[in-house]
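Look at the sequence and the model first.

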Amino acid sequence: MSHATPESPASLINESIAAKTGPVYRWRNSVTDYFHQTWSSFYSDEQVESRLLSLLPFYPESDSTRTSRIINTDVSDGKFIHEFYIENTQPPNEQSPETLDIVLVHGYAASLGLFIDNYDTLSSIPGIRIHAIDLPGFGFSSRSKFPTDLKTSQEDILKVEDWFIDAIEEWRIKRNINKFTLMGHSFGGYLTSAYTLKYNKPITDDTGDSHNLIDKLVLISPCGFERNKYSLLKDSKTAGLAISKQDREKQNELTAPEAYDDKDLSEALANQEQIVHNEVEIEVSPMEMRVDNVVQKRSGRIMQSLWDKHVSPFSLIRNGGILKSKWISGWTTRRFGHVYHRNPEHFQIIHDYIYRVFNGKGSGEFAITRVYAFAALARLPLLDRCPEEFVNMNLPTLLMYGDSDWMDEKAGLRMQKEINTLSQKKYSIDLSSYSLVPNAGHHLYLDNPPVFSEDVFKFIGAKQK
C-alpha cells in the first residue's frame, strides 16, 4: 500500500486537515482484525509488541549507544511484571543526572507502549537506564484475578493500592534498583504517589552513603489530587492521611468551585491533532464540578450507575466480536490520527498493539471504581495525604499538566503550593516544581514529546547536547 512519508508535501497537507476530518477506520478492517487477532500467531502479544518497539532505532538490535530488551520478573504467586528496559551504554558524564535509573509507569488501561514517542529522547543521556513497566493487571504483565470483594471503605481502598504497589516493590527488589527517579501518568501518578508514601525510605548503599530510595518524583497529569465531597478522609484521624478541619478550610480556598468556570470533558474526546494545533477551547474548573455536570445528564446517570456497580467498559469490548476493532479505533484514531496521516502502516502497528492491550483478561481495570468515585474523584485524595509526607522525605517533586488537560491542573498548583510552604519552613527551599506543557492534553507526553522531555531533563539534572 502506498502512503505519504513524513517529509512529503502530501503528509503536511494531511497533517493540517487531520484535526478537521480525522482518519476513518473501516468496518472491513474491524472484521479482518478480529479474525487475525483471534487465530493468527502473527498477532500474539509478543509479536504485536515487538513490531511496535521495532519502530525504535535500538530495538531489537542495538544502535551505537543503546541496548534494550523485554524482561518479565516474577513477583510471587505466579505473577510477573512486564518491563521494557533501555540502557545507554555510554559512560555517565556532565550530561548525565546523578540518578541514572528511571522507572516509568503508565496510566489506567494503558501500557508501556504508549511511551513509544519518548523512549528515543529519554534514553539519549549517557548512562541512563529506563525501566518502563506494565502495571500488575494491565498491558502484558500478568493479569491475575482482582479481589472484587474489596469495596470502597478506606481500609479496602488501601488494600487496592497495595495490590499494585506491593508487586512493584517486589519487582524493584528483584531488579536491584536502589535509587531511582519515579515517573507516573494519570492513575499511574496516583499509584506512584501511594508507592512513595509506603516505600520511600533511606537506603544505605555499598559505600556507606545514605540516600532516599526515590531520588525524585515526576507526576504526569496525576489523577486523584482534588479534595472532594466523596472523600473518606474528612473526619479521619488516621496518621498520614487526614488534615484538620481548620487546615482543610484554608487549603480549599484555591479549589473552591466558585473560583472556576464550567468545563466538560472535551479534551478527553478531542483528537491529538486538535490538541497540538491548539484548536481545543477548554476553560478550567474543578473535577467535582465537571463530574456533577456529567451526572446531570441521563447518559451520565447511567454511567454513574454502572460505575457504582463496578462494571468495566472493557468487558463490553472483550465481548464485542467483530465490532471490537471498530470500537477501539474510536480511541486510536483520535490519539494517533497524526501517525495515520504520516504512515498508515505505522498506525496499524499501534492499533494492533492497543487491540491486544484492551482485550486482555479483566484484572487491574476493576480497581478504578474502588479508588475513585464516579469518573475521577479520589476517595482518599492525595492532597490530604502527600504534601507533609513528601516534605518529611525531602523529596523533589515535579507536577506536569498539558495546557488543554482535562485533569484539574489547579489541584497540581495547590499541591505545589502546599509542599513548598512546608519545605520553606523546614528546609528554606522549594521542593516542588510545576510544568504546564503547551499544545498538549492529558497525554502530554504524546502530544508534545520535545517539551515533555526537556522539562523532565531539566528537573532530573540531565543535559541534552
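The questions below concern salt bridges in this predicted model.

Q: How many salt bridges does the structure hold?
A: Side chains of opposite charge can pair when their charged atoms come close. A pair counts when a Lys or Arg side-chain nitrogen lies within 4 Å of an Asp or Glu carboxyl oxygen. The structure's total is 18.

Q: Which residue meets E98 in a salt bridge?
A: E98 sits in the loop between strand 2 and strand 3. Its partner lies 81 residues apart from it, in the loop between helix 5 and strand 5. The N to O distance is 3.0 Å, and the partner is K179.

Q: Is E98 buried or exposed?
A: Exposed means over 50% relative accessible area. E98 has 66%, so it is exposed.

Q: Which helix holds both R172 and E169?
A: The side chains of R172 and E169 form a salt bridge at 2.9 Å, N to O. R172 is buried at 6% relative accessible area, and E169 is buried at 5%. The two residues are 3 apart, about one turn, and both lie in helix 5.

Q: Is D447 buried or exposed?
A: D447 pairs with R335 in a salt bridge at 2.5 Å, N to O. Buried means under 20% relative accessible area. D447 has 6%, so it is buried.

Q: Which residues do salt bridges with shared partners join into one network?
A: Here salt bridges share partners. The network they make consists of R227, D384, R414 and E418.

Terms used: Residues numbered from 1 in each chain as written. Predicted model: local features only at pLDDT ≥ 70, side-chain atom pairs only at ≥ 80, totals over all residues. Heavy atoms only, no water. Helix = DSSP H or I, 4+ residues; strand = E, 2+ residues; numbered from the N terminus. Buried < 20%, exposed > 50% of the residue type's maximum accessible area, 1.4 Å probe, protein only.
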